[in-house]
Amino acid sequence: MTTVLRIILILASLMTFSYIIMNIRKSKVRLDAVFFWILFGILLILISIFPEIAIIGSRLVGFYAPINFILVTIIFLLLYKVFTLTMRVSTLQQKMEDLVQKLALKEYDAQNLQKNTEKEEKLDKKAE
């Protein structure tokens, strides 16, 4: 790897990491999500500073080129994140449906109670 390419990778990794940190500070993000993205940014920085990590990893796993190892690793990490987010969204959708149903039942009960109260009041007025 040439020195110029290495410097570009380091700068791109640092910019990506700082972008992640800036967006985390702006919004209220859960700790587990912050942890994943910070580790992802650190991984990018480490691989750009120490490309030997990718070379050793590609040799251990059997990839011909370190870039293939890096790409497959990043793809798998992002697929994992998408899957966990999909599970979380599904759970939240189910909770939202449950809450909507409970709210609808409470409103229905409140309307029935109000109708019954009005009927009783009318009956009381007729009885007087």
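Trainee: Which helix gives the most to the nonpolar patch?

Mentor: The model is predicted, so local features need pLDDT of at least 70 and side-chain atom pairs pLDDT 80 or more, whereas totals for chains, interfaces and linings use all residues. Residues are numbered from 1 along each chain as its sequence is written, and side-chain values use heavy atoms, without hydrogens or water. Helices are DSSP runs (H or I, at least four residues) numbered from the N terminus. With five residues spanning part of 31–49, the main contributor to the patch is helix α2.

Trainee: Is I53 buried, partly exposed or exposed?

Mentor: I53 belongs to helix α3, residues 52–61. Buried means under 20% relative accessible area and exposed over 50%, with partly exposed in between. The relative accessible area of I53 is 41%, so I53 is partly exposed.

Trainee: What is the relative accessible area of K81?

Mentor: K81 is placed in helix α4. K81 counts as buried because its relative accessible area is 8%.

Trainee: Which residues does K81 contact, leaving aside neighbours within four places in sequence?

Mentor: Contact requires heavy atoms within 4.5 Å. K81 and A33 are 48 residues apart in sequence, while their C-alpha atoms are 9.0 Å apart. By contrast, I53 and A33 are 20 residues apart in sequence and 25 Å apart, C-alpha to C-alpha. With those neighbours left aside, K81 is in contact with A33, F36 and W37.

Trainee: Against which helices do the buried residues of α2 pack?

Mentor: In α2, the buried residues include A33, F36, F40 and L44. In α1, they are S13, I20 and I24, and these pack against α2. The buried residues of α2 pack against α1, α3 and α4.

Trainee: What distance does α1 reach from its first C-alpha to its last?

Mentor: The expected span is 1.5 Å times one less than the number of residues. For the 24 residues of α1 (3–26), 34 Å is expected. The helix comes close to this, reaching 35 Å.

Terms used
Helices (H or I, at least four residues) and strands (E, at least two) are DSSP runs, numbered from the N terminus. Buried means under 20% relative accessible area, exposed over 50%, partly exposed in between (1.4 Å probe, protein chains only).
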